[in-house]
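Hi everyone, thanks for coming.

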Amino acid sequence: MAESTLKEKLEKFGIKTAINYLRKDPEKNLPKLMDMIDKADKDGTFAAARYSFHQAIDDPNSPWNHLIYRVVKGVDPHVLETFFTNFFMNSTFIGGKKQMEYRKKYGCNVPWAILLDPTSACNLHCTGCWAADYGNQLNLTFDEIDDIINQGVEMGTYMYIYTGGEPLVRKDDLIKLCEKHSDCIFLCFTNSTLIDDKFAEDLRRVGNFVPAISVEGFEEATDSRRGQGTFQKICKAIDVLNAHKIPYGISCCYTSQNIDSIGSEEFFDWMVDKGAIFTWFFTYMPIGKDAPTDLMATAEQRELMYHRIRDFRSSKPLFTMDFWNDAEYVYGCIAGGRSYLHINANGDIEPCVFIHYSDSNIREKKLLDAYRSPLFMQYHLNQPFNKNMLRPCPVLDNPYKLEEMVSKTDAHGTDLVGQETPHELCAKCEATALRWAPVAERLWKGSGINGRHCVSCDDTVLPENLIPEEERASFDEVVEFEQSQKEQQTK
């Protein structure tokens, strides 16, 4: 198979040797290394990935070019080697093949990544965060997390993302899990206030753990939601990570109150200047019975972020993702195990970190049984939830879709404080969704490149100079497989 051939050739050359070779003279040696990979991938299995890299390294003026060379020169060599092996080889290439095998065999979603909460405890109390109300009541044990990872790897999931609570409350256990599962890659959403030199040294030693630091914008915006002095603690943590050459990203939640700060060019430049490798944008969701709804971004603010993120993604050396507005590139909602799922600190297996309903618990079911449970199969059969890929969510963009799915299952609420029905949650999002719908329709019809498929007009929008034939074929195979499964199961 092409996967093993390329992997064997890279291992024969030595990934460590390749990294060292690359770092000696990046501008000269990276193109040579890419030529070697091009020749090894004879049947074009990895053409899409190679195409993306060539787009960056062949254009010296591209911000992606600057980002790649900044990573090559600035990240610790051992961390770089481990990340390349675990993320690209194991999680993407090897894992992707395993996931597809299980999908075909069992007719269900199998995720690329699993989010899990090691603990409900947190040392902050952020406005609008459901975890802030949970306290330190619940934890997944080391053995339970270990078992989740073992089951996941068996089905091709090598990517694990910690949420919470504040995951670094359990940082000793998390480092031990990195050591035990050295073939996996771990990302952690963290407030960063518990990062110190010892922890940074541990990160450099294990090499397979990447922090994503939560920031709300500049100091005033961050401290107003996360507490006085938090922004300065974040800056200190960033300095520690940079001193130890540890790659990290920024996690941003945009609300109605912080758009001016978080969407500004000055903020993007701050992230670049601070050495962030990536940033991941989310929009505020009113999760929890008493969650404030006035923090929800308006349709105008969401459109502003749609344009700002695309503009800065094409002009700043920063890998930028938008959890909602980038759904056009991944064919809609990725939850329910389609690309990821969430396991809370009580062991409840939820379709999404923002959807607190479940019909499975890791202490009672194996992961594969949860993937085939009624709630997860409802996701599998109903995705995408809208032909307009800029309206991907079954709650925020298509209110009551979640209620319809939950009503067909025995799923129950998993919120630890105030239970709310799916109808109550969806109703809180109804007005926002109605205002976003016409904006999303205008953006979708007018963008010119609506992801891979313009589903709303039953056409294919694939400019030759944007997406290569190999990538289109690979993406179409996944989409066609998903649709054929749904047709068979509906019958």
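Side chains of opposite charge can pair when their charged atoms come close.

A word on where this comes from. This is a predicted model, where local features need pLDDT of at least 70 and side-chain atom pairs count only at pLDDT 80 or more, while totals for chains, interfaces and linings use all residues. Residues are numbered from 1 along each chain as its sequence is written, and side-chain values use heavy atoms, with hydrogens and water left out.

Now the overall picture. The protein chain has 19 helices and 13 strands; these are DSSP runs numbered from the N terminus, with helices being H or I of at least four residues and strands E of at least two. Of its 491 residues, 60% count as buried, where buried means under 20% relative accessible area, exposed over 50%, and partly exposed in between, using a 1.4 Å probe and protein chains only.

How many salt bridges are there by our rule? The count comes to 21.

Here is one of them: Arg310 and Asp326 meet through their side chains, at 3.7 Å from N to O. Arg310 sits in helix 14 (residues 299–313) and Asp326 in the loop between strand 7 (319–322) and strand 8 (340–343), so this pair ties together parts that are 16 residues apart in sequence. Are these two partners buried or exposed? Arg310 is buried at 16% relative accessibility, and Asp326 is buried too, at 10%.

Next, please find Arg205. Its salt bridge with Glu179 has the closest N and O atoms 2.6 Å apart. Because Arg205 belongs to helix 9 (residues 197–206) and Glu179 to helix 8 (residues 171–180), the pair links parts 26 residues apart in sequence. Arg205 is partly exposed at 43%, and Glu179 is partly exposed at 40%.

Arg205 also forms a salt bridge with Asp202, with 3.2 Å between the closest N and O atoms. Those two are three residues apart in helix 9, so about one helical turn separates them. Asp202, with a relative accessible area of 14%, is buried.

Which residues make up the network here? Salt bridges link Glu179, Lys198, Asp202 and Arg205.

That's my tour, and I'm happy to go back to any of these pairs.

Methods: A salt bridge is a side-chain nitrogen of Lys or Arg within 4 Å of a carboxyl oxygen of Asp or Glu.
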